[in-house]
Amino acid sequence: MSLAAAGGPMGEPMGAPVARLEGVSLRYGRRIALDAVSLDIPGGCMAGLIGPDGVGKSSVLSLIAGARAVQAGRVTALGGDMAAARHREVAGPRIAYMPQGLGRNLYPTLSVAENIDFFGRLFGHDRAARRRRIALLTESTGLAPFLDRPAGKLSGGMKQKLSLCCSLIHDPDLLILDEPTTGVDPLSRRQFWDLIGGIRAGRPGMSVLVATAYMEEAAGFDWLAAMHAGRVLDAGAPRALLERTGSESLETAFIRLLPEAARAGHQPVTVPPRRDAGEDAAAIEARGLTMRFGGFTAVDQVSFRIPRGEIFGFLGSNGCGKTTTMKMLTGLLPATEGEARLFGEAVDPRNMETRRRVGYMSQNFSLYAELTVRQNLELHARLFRLPPAEIPGRVRDMAERFELSAILDALPDALPLGQRQRLSLAVAMIHRPEMLILDEPTSGVDPVARDAFWRSIVALSREDRVTIFISTHFMNEAQRCDRISLMHAGRVLVSDTPERIRADRGAATLEEAFIGYLEEAAAKGGAPAALPGPAAVPPPTGPAMPARHRRFDLRRLLSYSRREALELQRDPVRATLALLGSILLMLVMGYGINMDVENLSFAVLDRDQTVTSQNYALHLAGSPYFRERAPILDYADLDRRMRAGQLSLAVEIPSGFARDIARGRPVQVGAWIDGAMPARGETVRGYVQGIHQHWLQVKAAEAPGRNGTASLATVETRFRYNPGIRSLVAMVPAIIPMLLMLIPAILTALSVVREKELGSIVNLYVSPVTRLEFLLGKQIPYVALAMVNFLLLVLLAVTLFGVPLTGSFPALAAATFLYVGASTAIGLLISSFMRSQIAAVFGTAILTILPAMQFSGVIDPVSSLEGAGALIGQVFPTAFYVTVARGTFSKALGFAELQPAFLPLAISVVVLLGLSTLLLRKQER
Amino acid sequence: MRLPATLANALHLGVKELRSLLRDPIMLVLIGHAFTLAIYTGAAAMPSAVNRATIAIVDEDRSPLSARIAAAFYPPTFLPPVMITQAQMDARMDAGLDTFALDIPPNFQRDLLAGRNPAIQLNVDATRMTQAFSGSGYVQTMVMQEVQAFAQRYRGGEVPPVDLVLRARFNPQLEKSWFGAIIQLINNITMLSIVLTGAALIREREHGTIEHLLVMPVTPFEIMIGKIWAMGLVVFAAATASLFLVVQGLLAVPVGGSVPLFLAGAALHLLATTSLGIVLGTVTRSMPQFGLLLILILLPLMMLSGGMTPFESMPAGVQWVMQLAPTTHFVALAQAILYRGAGLPVVWPQFAALLAIAAALFAFALLRFRRMIGETAG
């Protein structure tokens with residue numbers, strides 16, 4: 001069944017469908033997000049999707065925008081199948097998509113102008129066009145005075161306007177907005193919709209598709225589809241929906257549209273008056289509460305007094321200081337100025353007794369997602385030190401009261417928002433607190449669950465006389481409070497009963513009254529909240545974007561590079577860690593990895609005690625490698641000292657040593673080497689053998705009857721490239737490749753995964769940028785950074801470590817360029833498997849350190865490796881680069897001699913980039 | 001009265017950490033990998049110092065003696081020698097193809113038999129430190145043995161009057177894999193304990209659950225202890241299993257001393273490293289920063305602790321600084337106990353140092369953690 005879009009019973013004029021869903025289903029793992037949805041969305045008008053969080057609104061929007069891959073069914077938008085890559089290429093640039101979350105597609109460290117500029121470049125506008133458009137868009141949205149402000153420091157409303165500017169830069173035919181006003185103050189919300197209205201007036205053909213949780217807003221749209229549990233309940237003009245359900249408000253209409261099961265038990269909320277208003281002692285009292293973070297005043301001189309059992313509401317937009325105030329009340333944040341008192345006592349974070357009288361429900365219902373419902377309840381009961389015997393009963397009571405009994409063994413993340421909210425409340429109530437502090441407990445929850453929640457709250461207040469301090473940005477919820485405070489920009493604008501606030505301003509609704517206060521505050525503060533007449537400026541209809549879509553566009557690629565470089569520049573922590581980190585590690589490893597085995601301790605057990613035996617011992621002690629320790633007394637002493645690791649070598653000279661030598665009888669000298677560290681043991685063995693041979697020669701030469709030459713032949717050993725046999729000369733050129741693998745790979749992997757985690761990856765999904773452009777664009781700044789890194793490391797090697805660069809610097813630099821190309825590409829490749837930043841960091845470290853350190857000839861030559869290690873050593877780029885680094889540093893080589901190493905490096909760059917491109921997804925799945 | 005409550009809270013919070021970890025498949029895989037495959041491959045791939053060394057021979061003599069010398073080099077110590085000309089020698093060494101090049105001059109055999117003490121030239125690529133040192137000694141000894149044996153047949157001569165009998169204690173064959181397995185185990189204990197604790201703290205901060213804890217009657221001390229004992233226990237259990245099953249079982253590394261004593265040392269070490277994890281979790285704002293900082297801390301801890309190269313050969317300054325690192329003492333005591341079979345009378349100084357470091361790190365972590373909680377801003 002397709003819910004007819006056109007006409008509707010009222011016969012409103014509506015355009016042909018701009019998008020059509022036919023039997024579309026979508027699953028995330030086992031969860032069904034959309035269940036065989038069929039829907040025609042009319043074009044050329046304001047179409048809306050209504051419903052709470054998690055019903056499938058965002059899924060529908062992202063499918064139509066092409067940001068998410070179609071799993072089942074058929075999605076048509078702008079006259080083509082969105083499952084076809086060819087159509088997406090053509091239609092993509094005509095669609096603008098603003099994902100959910102304030103400024104999710106923006107880059108918080110970039111300024112307003114830079115953000116818009118980035119999107120302009122992505123869509124291929126030249127400099128003049130970009131400048132013109134930035135001016136026009138920021139002018140019409142009132143962002144013009146803030147061109148240089150970082151997006152992250154804008155208020156919620158301004159972020160959404162900026163996001164809109166970025167979406168509008170390419171004159172879309174279809175504008176898709178996913179909850180654009182959630183959490184934004186009412187004034188900004190009104191301005192936002194006025195702005196959209198103005199744009200539509202300027203571009204009448206444009207279709208707008210909006211998802212929203214605010215029913216008041218939706219009432220003004222041309223067409224609505226109500227959604228619930230992955231299905232469409234009904235669709236049509238708002239008036240038609242009201243008439244069909246016989247309701248007065250959309251909220252009621254929505255509840256009546258819900259299936260019987262979901263509606264079951266729903267009753268409207270009624271708030272009985274408080275019994276003994278005004279007589280109680282204050283449960284909460286705040287006097288001149290102020291909180292400053294650096295130069296920013298988050299909360300400014302807030303005062304209120306809440307008597308016991310009252311429901312007190314805090315109303316305001318995101319970031320107005322509600323949460324900060326609540327944190328000060330709970331003692332989570334010490335107030336900069338002023339005083340907060342709970343139950344007549346000053347808030348003291350160390351006072352465990354007060355904590356037991358307060359229940360706190362933080363924003364987003366922060367529960368332990370890894371614990372089941374029951375485990376969450378039990379943990380909190382135990383931490384509040386309920387007697388163990390009482391806990392099972394109390395958990396059962398809470399589960400019954402908040403209807404959680406059926407889901408006690410489920411994990412919170414698997415639950416719908418409404419149930420999670422009830423669990424959160426149950427957790428906050430488990431220890432029977434006298435006061436509840438609830439921070440936006442109802443955001444995103446469906447109306448039925450919200451009403452149920454409010455009934456619990458009212459019952460707690462009126463029956464159990466629990467004081468309720470609640471913050472919200474829903475006006476109808478504010479109306480249910482005994483008293484409310486309107487909060488904006490850290491200040492309380494007014495504090496009274498909702499009815500009196502409305503009446504005082506002579507406004508029709510509370511929202512009107514709030515907007516009135518906001519405008520007054522803005523005018524007083526001279527803030528730019530008062531915009532030029534919103535609809536005054538029609539949006540730019542400049543030259544349309546380049547019609548043909550190029551397969552590879554340098555401009556798009558560079559726009560990503562430029563942006564990445566800017567972000568890196570603004571995030572000094574990452575950049576300095578990358579540069580300073582490599583220098584620190586170079587110092588540590590250069591000085592620390594010392595292959596020179598020196599100062600070996602040895603001792604002698606001399607049972608002969610003759611001149612000859614002492615001469616033998618002296619011979620050892622005279623070597624620069626050995627340090628003689630006190631003589632060994634007996635075998636027990638030898639054993640004890642070797643076990644303690646005090647001796648690397650113990651020598652036993654038998655009694656009769658001198659006598660037997662003189663008589664030409666065979667003699668055996670015993671030597672024990674500490675084999676606990678095999679590499680050292682080998683070296684010791686070599687040294688001892690050498691010294692022993694030498695002693696024999698000297699002895700033989702001294703012997704009577706021989707004429708000098710003792711040996712038959714000589715082996716002349718020449719240590720090449722490193723005549724001093726210094727570890728540093730050998731190690732430093734090998735450490736540089738290790739560092740240039742590890743750090744660039746991690747940084748690059750992070751840069752991609754960061755976008756996945758923060759949400760701006762959506763710009764890859766919905767803009768014309770190709771996968772290769774995206775990857776190369778992100779890679780370039782990190783290659784540049786790695787080259788700077790390389791120069792610093794070489795400088796350090798030559799100056800501080802005194803390792804001469806004897807060969808061709810250009811050859812080394814060229815190989816480095818290829819090599820860091822490969823190491824950054826490894827980062828890109830790894831990023832395609834990783835979803836979280838932490839996984840990217842560790843995954844990359846694990847996957848690069850072992851092959852770089854152990855299998856690439858840094859310590860042991862590749863040819864000496866066996867098994868898998870040997871195989872890795874033959875393909876891993878570090879192995880080839882180590883050859884070049886050693887060749888240029890120590891062996892005085894240049895391009896000609898090192899040529900064989902260049903080709904594998906170049907091939908690895910191409911292969912790695914190719915793989916990364918293949919594995920990167922252009923749509924979310 | 002106060003103590004039981006603290007203990008109870010720490011216990012509940014720790015159980016919560018364990019349950020969280022149990023539902024984190026990536027971390028579980030990481031732990032599993034680190035204590036099985038990583039140790040096995042790390043140990044198995046470790047060649048002994050001179051293993052499969054590349055050698056080239058320039059034979060200008062072409063006599064029975066030179067052929068005999070060439071035949072003396074064979075796997076596994078050396079790869080079969082490559083016979084080259086003098087002209088090729090430099091280029092091959094430049095390209096890193098050969099670590100050793102032996103140049104046997106013309107008329108070598110004749111000169112030898114004539115007692116003219118001829119010289120063989122041995123070229124060593126000294127940029128390959130591990131093989132250059134002991135390898136050149138090897139080559140020298142082998143050449144001389146061949147020469148001696150050859151000369152004896154033709155000239156007759158005396159046996160060297162003094163014989164040197166060399167024995168390596170604790171590891172008679174100087175098997176590097178024995179060493180590698182234990183070092184890998186130690187490195188992974190260090191790495192995982194820091195990662196798990198730091199990540200547990202940052203995860204809690206990112207999910208906002210830490211605030212949730214702080215409004216309850218729970219002190220920062222209890223929260224921190226909860227994380228430390230839980231994560232320490234996980235690593236401890238995994239390391240113990242790995243020691244028995246992988247190191248002693250699969251790799252058949254003989255353990256000389258008391259395993260319980262080693263485990264006691266490991267527990268102390270874990271107290272230090274988990275505290276370090278907390279410190280890192282408090283000084284970094286986000287996971288990526290934590291990751292980068294971790295690498296900066298972890299690599300020196302692993303490379304300079306005496307696990308990779310002999311501690312006594314490091315510069316004095318580095319040795320001094322590394323005395324402050326828990327790994328230095330842990331590596332020392334692990335080697336003493338596991339290889340040399342040392343007991344507490346021998347390794348008590350390491351235990352004392354480890355205890356002092358762990359206590360200091362713990363105190364510092366608590367200080368940092370308390371301060372971080374004071375700063376927890378929205």
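Let me begin with strand β17 of chain A, residues 435-439, which is mostly covered in this predicted model: five of its five residues are buried. Which residues point one way from this strand, and which the other? Met435(A), Ile437(A) and Asp439(A) point one way, while Leu436(A) and Leu438(A) point the other way, and all are buried. That pattern follows a general rule: in a regular strand the side chains alternate between the two faces of the sheet.

I turn now to the partners of β17(A). Strand β16 of chain A, residues 358-361, runs parallel to β17(A), and four bridges join the two. Within that pairing, Leu436(A) of β17(A) stands opposite Gly359(A). Strand β18 of chain A, residues 467-472, also pairs with β17(A) in the parallel sense, over five bridges. There, Leu438(A) has Ile470(A) in β18(A) as its bridge partner.

Next, a helix of chain A. Helix α5, residues 156-168, has 13 residues. From its first C-alpha to its last it reaches 18 Å, close to the 18 Å expected at 1.5 Å a residue. Is α5(A) mostly covered or mostly exposed? It is mostly covered, with 13 of its 13 residues buried.

Let us move to the contact between the chains. Chain A contributes 115 residues to the contact, and chain B contributes 111 residues. On the side of chain B that touches chain A, the largest share, 15 residues, comes from helix α7 of chain B, residues 129-155. By class, that side of chain B holds 61 nonpolar, 34 polar and 16 charged residues.

As for the domains of chain B, the assignment gives domain 1, covering 2-46 + 175-375, and domain 2, covering 55-155. Between the C-alpha centres of these two domains of chain B lie 48 Å.

Finally, I come to an annotation on chain A. The unreviewed UniProt entry annotates as "transmembrane region" residues 728-752, 783-803, 809-831, 838-859 and 901-920 of chain A. How much of the span 728-752 of chain A is helix? That span is 100% helix and 0% strand, and its end C-alpha atoms lie 36 Å apart. The span 783-803 of chain A is 81% helix and 0% strand, with its end C-alpha atoms 25 Å apart.

Technical notes: Residues numbered from 1 in each chain as written. Chains lettered and ligands numbered in written order. Predicted model: local features only at pLDDT ≥ 70, side-chain atom pairs only at ≥ 80, totals over all residues. Expected span 1.5 Å × (residues − 1). Buried ≥ 20, exposed ≤ 12 C-beta atoms within 10 Å, placed from the backbone. Pairing = 2+ DSSP bridges. Contact = placed C-beta atoms within 7 Å. Nonpolar A, V, L, I, M, F, W, Y, C, P; charged D, E, K, R; others polar. Domains from an automatic or database assignment. UniProt positions renumbered as here; feature names shortened; annotations may be inferred.
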